[in-house]
Amino acid sequence: MDRVFLDSITRHSLLTVVVALPVAYAAYLGVSRLYFHPLSRVPGPLLASLTDYYVTYYDIAKDGQMVHQLGRLHARYGPIVRIGPNKLHFADPKAFDLIYRDVRLPKEPWFYDAFNVPLSLFAICDIPKAKEAASVLRPLFSRKNILQVEGVIQDVISHFLQVLSQRSKSSPRTNLHRGFASITMEVITTYSFAKSYGVVAYPSFSHPGLVGFQNSNFIIFVMRHFPLLRSVFFAMPLWLAGWFVPGIYGRRQFIQALDEQIAGILEDPTVLEKEEHEIVNHHLLNPKVGRKPGRRELIRASDITTANACIVAAFNVLKNPEIEVRLRKELMETWPEVETQLSLERLEKLPYLTAVIKEALRLSHGVVSPLPRVTIVSMGQSFMHYNPEIFPNPKEFRPERWLAKGSSDLENYLVPFNKGPRMCTGMNLAWAELYLIIGNMFRKVDMELAGTVNSVIANATMIIVAVILYELESPEGPISDAKQWLQPVFASVLSHFRTLPAPSSHPSSYWPLFSGLARTDSSQIDSTT
Ligand code: HEM
């Protein structure tokens, strides 16, 4: 009897310890975070001071809305807000320089590891390692180098215009966001690998590699907030991973193709000598460098960001007839022969085109998520770009603000490429692409807005068709014939997904797409060349 009694006490105590320990630990954490933490005096919501899952809720359950929540928090608590137990967010323009120009502040691994590209400069947090990687990569994207590969960008854009012209005969409606992303993806792969992967020519501008890259954005948010899931997800067979990231199949196939090419170059480096211009891999595959290039991130970094800026420009110019007339007039006067190509250097001298691009960069932000630096401080670009004291009526697309007297001071507050030691490596390439794409589009193409498409449904459809096309691409498969008949079917299916009217002012309905969550709407633009 005594023994039974003792046993039950032991069981009870064990149970009490099992329950009480975590509760006590949570209470200890809560009290220390609220009252004894160095940030405990910084204002912010109680829940955010207690747990990082406050941000998780807005990033995941609220579909990437943290950026809007940050705006509300700053309105309530002031320019510095505690958004996590160890995290501060700033909304003061002076803080931007202090955070991002400080060479001592490394990138924050929690945020960058989720991209799963440890070799890419973008995700390297260790300062000496990042310096080493940057010393190889940055010179390749110098202005001098970009001018040398201008021909590549010009050729890709000309090809794109041809494809668009062909397409407009069978399907006048085009998702130009995909179109622009196809241009930038083709440019970066050609510049890096001296090989066209047929991205621009792919039906409906939906190359599986491109769709796969774009669709993996959401999973990055999940990986960021639930790091334990990373190893589970990356160990999954492709068919299962495809349930979570539709299109991952195309992405893996594409990466495999890039890997094979890299392996080919490493086996026989003389193939590089045959290229007309120096390509990124001339340098990255140099044995002295001793590291494999972060090939995926160059593609990710370059396709969506530049395409976002282009679509914001196209959308807003078409929305405002007086802006469109002024832009087309400037282009026409400098570029009377429409069949020719105009050089980047001449386009760069056009003040109104330049103002349109700056305004597009201001409103599109390359990366909306605040980019965290240890000890965890960050400030989202939108808190510079949407500051009404710097940019009156900040949500309006007004290129004229860049032409007004004293506007050169505004440049300090235009930070789409970030500032400081980790600012965008591809900035010169991005500027070149923006001039050439927007210049060409508004000189050579007549367009009008044609509503918006729900990109979740459109993506799913594109992926199914993309997979079918890939399957057909076996040696026996009649791929070219199949593409010919599938393309119009595909285009007409897609045109039925025009579910929403064009947004009436700023395209806020597809804003989350720009924040990297490809889950809402992207604009559709009627195009006829
Ligand atoms: C309009 C177009 C673009 C925008 C707005 C943009 C924006 C940005 C921003 C904000 C960062 C800083 C990220 C951070 O601090 O973590 C960044 C980094 C980077 N970008 Fe871009 N980007 C654009 C185009 C490109 C292109 C075309 C390339 C192609 C090479 C590129 C390559 C990179 C790389 C490699 C980094 C990492 C730099 C480092 O961490 O040191 N970007 N970009």
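Guide: One term before we start: two strands pair if DSSP finds at least two bridges between them. Helices (H or I, at least four residues) and strands (E, at least two) are DSSP runs, numbered from the N terminus.

Visitor: Fine. What kind of model is this, and how are the residues numbered?
Guide: This is a predicted model: local features need pLDDT of at least 70, side-chain atom pairs count only at pLDDT 80 or more, and totals for chains, interfaces and linings use all residues. Residues are numbered from 1 along each chain as its sequence is written.

Visitor: How many helices and strands are in the protein?
Guide: The protein has 25 helices and 6 strands.

Visitor: And what share of the residues is buried?
Guide: Of the 529 residues in the protein, 40% are buried. A residue is buried if 20 or more other C-beta atoms lie within 10 Å of its own, exposed if 12 or fewer, and partly exposed in between, with C-beta atoms placed from the backbone.

Visitor: Let's look at the strands. How do E1 and E2 pair?
Guide: E1 and strand E2 (residues 87-90) run antiparallel, joined over 4 bridges. They make a hairpin with 2 residues between them. Across the pairing, Gly84 sits opposite Lys87 of E2, and Arg82 is opposite Leu88 of E2.

Visitor: Which sheet do they belong to?
Guide: An open sheet of 3 strands, in the order E1-E2-E4 with mixed pairing. Its edge strands are E1 and strand E4 (377-378), each of which pairs on one side only.

Visitor: Why is E1 described as largely enclosed?
Guide: Because 4 of the 5 residues of E1 are buried, the strand is largely enclosed by the rest of the structure.

Visitor: Okay, what packs around there? Start with helix H3: which residues are buried?
Guide: In H3 (residues 53-61), Tyr54, Val55 and Asp59 are buried. They share one side of H3, because they cover an arc of only 125° around the axis. That arc is taken from the directions from the helix axis to the C-beta atoms.

Visitor: What do the buried residues of H3 pack against?
Guide: Their partners are helix H2 (46-50), helix H4 (66-77), strand E1 (80-84) and helix H12 (217-225). After H3 comes Asp63, with a positive phi near 60°.

Visitor: You mentioned H2. Is Ser49 buried or exposed?
Guide: Ser49, which is in helix H2, is buried, with 22 other C-beta atoms within 10 Å. Not counting residues up to four places away in sequence, Ser49 touches Arg33, Leu34, Gly44, Arg82 and Pro85. Two residues are in contact if their C-beta atoms, placed from the backbone, lie within 7 Å.

Visitor: Changing topic: what does UniProt list for Cys424?
Guide: UniProt, in an unreviewed entry, lists Cys424 under "binding site". UniProt positions are given in the numbering used here, feature names are shortened, and annotations may be inferred rather than shown by experiment. Cys424 is in the loop between helix H21 (382-385) and helix H22 (427-444). Cys424 counts as partly exposed because it has 19 C-beta neighbours inside 10 Å.

Visitor: And where does UniProt place the transmembrane region?
Guide: The unreviewed entry in UniProt places that feature at residues 12-31. Over residues 12-31 the model is 100% helix and 0% strand, with the end C-alpha atoms 27 Å apart.

Visitor: What about Arg101, which residues is it in contact with?
Guide: Leaving aside neighbours within four places in sequence, Arg101 is in contact with Lys419 and Gly420. Arg101 lies in the loop between helix H5 (93-100) and helix H6 (109-112). Arg101 is partly exposed, with 14 other C-beta atoms within 10 Å.

Visitor: Last one: where does pLDDT stay under 50?
Guide: pLDDT, the predictor's confidence in each residue from 0 to 100, stays under 50 over residues 470-480 and over residues 491-529. Where pLDDT is low, the predicted coordinates should not be read in detail. The protein averages a pLDDT of 79, and 75% of the residues score at least 70.
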